[in-house]
Amino acid sequence: SSDVCSSDLWLELVLKLGMLTVGFLQASSLTFGRPIISVVLWPTLFLGGMLMLYRLWRWKQYAFSANLWLLALFCVSYVLSSLANIQYGWYANLRTWIWMVFLMFLLYGYRREEGRNQYRIVAYFYILGGAVLTLASFYFLLAGYEQTFFVESGPVYYIGFKWGRLYGAYWDPNIGALLCCVSVLLSLGLMGKVRPVWLRLLLWVNIVLEILYIAFSDSRAGHLCLCVGMSVYVLLYLWPRRKKWLAVLGAIVMAAAMWFAVEGIQQAYNQMMIRENITHDQEIPDVFEESGKDAIWEEGPPQETVPPPVEALPPEEELIGREEDYNQDISNRRFDIWKSALEIFKEKPVLGIGHENVLAYVEQNMPDSYLITNDHMKFSSMHNIFFDILVGQGAVGVILFVVTGILFAVRIIRRWPTIRSKEARDGSSMYIAMFTILVILVTAGCVMTEIIYVSSPMSTMFWISLSQLVQKGNGKEAESQRGENTERVGGGV
């Protein structure tokens, strides 16, 4: 009945907000690894489990979701890889698999067009969560607050400004910068139908705030994704409205503008810090020069004194930038990690070793691997989604993932005119934002673990955005399959 459908949709909305909340708590150094995560996580898992059982009960209504069966095979591949290597552990693999199933079958899987007001609610919730963390990050910077945390099983993480970059309230500046990139695109997408001037102004303020964090984080992944995202957004926005060459030119100009904007913010902050330290140095009087240069020494010359230490320039760690790291290794250790991934693949080429078994497997079978012998930390992530799958699920997983990705890309690109024209011209800005979010998260996946295996807010937005785009591209095909069962919660995007 329509009442059941309506209740189902609202429960799905609660699940989406719950998964985003878990992601925000995991991304923040203030809550990372703390019990508060369980307060949100377990109710979210319970609700997700109930919705999953409901969908299995009514599986025929969801079975026509595009490429859903390929996603199911990918999840089966994960199970087989985990079972084949169960001697290295099982609980962490089960936990990761459950979250991945939620992403693919609850956030992506669909039976009809969901009310697009759901996406607006999710988008505003994401923007609000990101803004809170970013504001907290700049508060720590202005207050000069910093703290270091050492975790038994996991990386050292920080609060505040450390090692030439702003960690702030994020335990990893790369995660924070990517979170900000998605927030920027959602803000742009929402402006298409935002009527109140004050709300539009707040969205612009949020865009500026998030770009500032991307600059202060000194995240090359975030910098790249901002340039790529804004360039693609401008290209798709101008393509039907202006001459094609103007759209391409606009995209190039926007990419360059974002690149130099981030560089400019970093340089401006560094110059300000240098000027402040020089001014501080000049304001300290030279006591000897002012009061002692003409004095008569009655008991011989005074003993040599050591002047108080005053730095004319701030320490390098107070300036934005990590040039020394890049001079030694432009990939920041990624090339060595990827080489290690290939070494593992050679040992287990078909099913891999299980995503969460990396350290256990390497310590037992490859004690000389760079992953555990380097001088930085033990690496359990390959910092690249392709290599993560290659190691965790072998050739079977990689083939399924790549084929599914290509089919999704072809489907969305071929049906883009339908997606864009479903609403008024201004309404298409939200769909452009959705598509651009997919693009930047795939881009980020080349240097980070994203989209699958993780509970980040970005991976949640990826699968929700993918679902919306595929549904909108279905057009008349979807309408004929859905029949009259198109009652929706809410209105437009």
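## Pocket lining and cysteines

In this predicted model, helix H16 supplies ten residues to the lining of the second largest pocket, the largest share of that lining. The elements that give two or more residues to this lining are helix H4 (68-84), helix H16 (385-414), helix H18 (428-444) and helix H19 (457-482). The pocket has a volume of about 570 Å³, and its lining comprises 24 residues, among which Phe401, Gly405, Ile406, Val442 and Phe462 lie nearest the centre of the pocket. By residue class, the lining of the second largest pocket divides into 20 nonpolar and four polar residues, with no charged ones.

Turning to the cysteines, a search of the whole structure finds zero disulfides. Cys225 accordingly takes part in no disulfide, and the nearest cysteine sulfur, that of Cys181, is 5.5 Å away. For Cys446, the closest cysteine sulfur is that of Cys225, at 8.8 Å, which is too far for a bond, because a disulfide requires a pair of cysteine sulfur atoms within 2.5 Å.

The table sets out the accessibility of two of these residues.

| Residue | Relative accessible area | Class |
|---|---|---|
| Cys225 | 2% | buried |
| Cys446 | 43% | partly exposed |

Is Cys225 buried or exposed? With a relative accessible area of 2%, Cys225 is buried, since the cut-off for that class is under 20%, whereas Cys446, at 43%, is partly exposed.

Terms used
Residues numbered from 1 in each chain as written. Predicted model: local features only at pLDDT ≥ 70, side-chain atom pairs only at ≥ 80, totals over all residues. Heavy atoms only, no water. Buried < 20%, exposed > 50% of the residue type's maximum accessible area, 1.4 Å probe, protein only. 1 Å grid on protein atoms, 1.4 Å probe; cavity = no way out; pocket = protein on both sides within 12 Å on 5 of 7 lines; lining within 4 Å. Points joined across faces, edges and corners; volume = space filled by probe spheres on them. Helix = DSSP H or I, 4+ residues; strand = E, 2+ residues; numbered from the N terminus. Nonpolar A, V, L, I, M, F, W, Y, C, P; charged D, E, K, R; others polar.
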